[in-house]
Amino acid sequence: MSDEALLRVNGLGKSYGSRIGCTDVGFELWPGEVLAIVGESGSGKTTLLNCLSTALDPTRGRAEYRMRDGAFRNLYDLGEAERRFLMRTDWGFVHQNPADGLRMTVSAGANVGERLMAVGERHYGRIRATALDWLTRVEIATDRIDDQPRAFSGGMRQRLQIARNLVTNPRLVFMDEPTGGLDVSVQARLLDLLRGLVADLGLAVIIVTHDLAVARLLSHRMMVMKEGRVIEAGLTDRVLDDPREPYTQLLVSSILQV
Amino acid sequence: MSAIASYNFGYLDEQTKRMIRRAILKAIAIPGYQVPLASREMPMPYGWGTGGGRGPAAIIGPADVLKGIDQGADDTPNAGSIPPFFAKVARVETTTRTADATIIQTRHRVPEEKLRAGQVLVYQVPIPEPLRFLEPRETETRKMHALEEYGLMHVKLYEDIARHGEIATTYAYPVKVAGRYVMDPSPTPKFDNPKMHRSDALQLFGAGREKRIYAVPPHTDVVSLDFEDHPFEVQHFSEPCALCGAEGVYLDEVVLDDRGGHMFVCSDTDHCETRRADGHVGALGTSPMESADV
């Protein structure tokens, strides 16, 4: 981990008219750090994530990102071209529903290769070699490279989406319930894979989840949200083992024991 | 006085022609950019040359000579109906000879004969948006053009190679114009793409149904997209034209009987006829002197 933050968020808020999506959110994220945002549905997690990934314009506040040249820039002052460039090079976004993040009607290889072509790669052989390499890394059989994701299972689609996002070596990846909708054994393998990739590549990740087990396994730190506000934040183990806020205590005690 | 006299010169009213000319000027100023325009009724159905027809209607003058091409030929539907239409409403001369024409309205071919400065080639375009089948949202494709995000275009070419071992797109092959905008050259065979590159003539593209005009001014770079290890190539034909013996031209396959007989002939009928008049004869061709219909 570096001694300078990658992302500095200050007083971030989004209102829908008089309703609050999220408000007064502030935190810092360091390179290689995994931050989980947890809370029940409607607590503002996804609104926050969408603001951070610039899919939504926040009503107030700043989020400063350290660009590859080392300078901090407020995300909301960037031009659209710069934002979209950031989104397909230095960032990744893993959607809960893989169909939102994949092109379902083009082959797996082209799905992985798209970002490379978007940043100017014009050599078919190299694109294909990189795609094969990434399929291997996310445990998809290489002979499926020319199949469309429509022919893939839910778990495979999710792994393909991850490969597609990581192919340009991003520094920051947003994830919205990446294991949602998968059965538990597939979830476990996906989490294993994610944990390995995050550690190997030194990725910074902001992951939104309602599944505390996922947060425990993946994240270093976590923020608990309720009614649009961050009510508790700290090291993951501390928050889960010694929750201070009554709501966090409720959340932790709601986990089903098998 | 004939009934036709009640039409304005060139069929469209002057305001509309001005509007179209403005769009054309803008299109020439931004090569490859799709300029929206208002669409007026033309006395023909969409797909029969409304977009390409509006171009000549706006720029035609009494001194112009008009030629029409439909799939290379001068006697197929659009070529057979649009020039006579303008002969009626603009009283211009029409021709089938490429060299004599000042305005050439074309459906999906570029003449084999090299165009010269002062000529205008007007293409009919069914779908002006090259990204349409990759990204269905028009709001998004316009943004992609504005921000020059063309990675997706290569995704299509990648898919071609992955599936067929080569770039299998043979018509409407995407090009980059003047190093900036990616453009659909209308469904011309990719054989014609190199002819668009630095042409001496002005090239206008009109899409009637979609209400867009775009242009390639003379001497403008038109580069077909490709991969370094799969470069752009045009079609090659193994035999010359059966009638005029021309090589290095685009050929149509014509079925001769129901026993598998066929021949390849020039798609550009004017080019073929000119060559035959000059005495060139192909394998199945007779010299014009001997043939009964000449």
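**Figure 1. Salt bridge between A:Glu64 and A:Arg8.** The side chains of A:Glu64 and A:Arg8 form a salt bridge with an N to O distance of 3.6 Å; a salt bridge is a side-chain nitrogen of Lys or Arg within 4 Å of a carboxyl oxygen of Asp or Glu. Because A:Glu64 belongs to strand β4 (residues 60-66) of chain A and A:Arg8 to strand β1 (residues 7-16) of chain A, the pair ties together parts that are 56 residues apart in sequence. Helices (H or I, at least four residues) and strands (E, at least two) are DSSP runs, numbered from the N terminus. A:Glu64 is buried, at a relative accessible area of 18%, whereas A:Arg8 is partly exposed, at 28%. Buried denotes under 20% relative accessible area, exposed over 50%, and partly exposed in between (1.4 Å probe, protein chains only).

The model is predicted: local features need pLDDT of at least 70, side-chain atom pairs count only at pLDDT 80 or more, and totals for chains, interfaces and linings use all residues. Residues are numbered from 1 along each chain as its sequence is written, chains are lettered from A and ligands numbered from 1 in the order in which they are written, and side-chain values use heavy atoms, with hydrogens and water left out.

**Figure 2. Salt bridge between B:Lys176 and B:Glu148.** The closest N and O atoms of B:Lys176 and B:Glu148 are 3.9 Å apart, in a salt bridge. B:Lys176 lies in strand β6 (residues 175-177) of chain B and B:Glu148 in the loop between α4 and α5 of chain B, so this pair joins parts that are 28 residues apart in sequence. B:Lys176 is partly exposed, with a relative accessible area of 25%, and B:Glu148 is partly exposed, with 35%. Over all chains, the structure holds 42 salt bridges.

Figure 3. A:Gln158 is placed in helix α6 (residues 154-166) of chain A and is buried, with a relative accessible area of 1%. Neighbours within four places in sequence aside, A:Gln158 is in contact (heavy atoms within 4.5 Å) with residues including A:Val94, A:His95, A:Pro178 and A:Leu190. The side chain of A:Gln158 also makes a polar contact with that of A:Gln161, at 2.4 Å. A polar contact is a pair of N or O atoms within 3.5 Å; within protein, one must be able to donate a hydrogen and the other to accept it, and residues adjacent in sequence count only if both atoms are side-chain atoms.

**Figure 4. Interface of chain B and chain A.** In this interface, 21 residues of chain B are in contact with 23 residues of chain A. The two chains bury about 1,900 Å² between them, 56% of it on carbon and sulfur atoms; buried area is the accessible area (1.4 Å probe) that two parts lose on being put together, summed over both. The rule finds 6 salt bridges across the interface, and A:Arg126 pairs with B:Glu228 in a salt bridge (3.5 Å, N to O). A network of salt bridges links A:Arg103, A:Glu114, A:Arg164, B:Glu135 and B:Arg137.

**Figure 5. The largest nonpolar core.** This core has 67 residues, of which A:Met222 and B:Tyr158 touch the most other members. Its largest share, 7 residues, comes from helix α5 (residues 151-164) of chain B. A nonpolar core is a set of buried Ala, Val, Leu, Ile, Met, Phe, Trp, Tyr and Cys residues joined through side-chain atoms within 4.5 Å.
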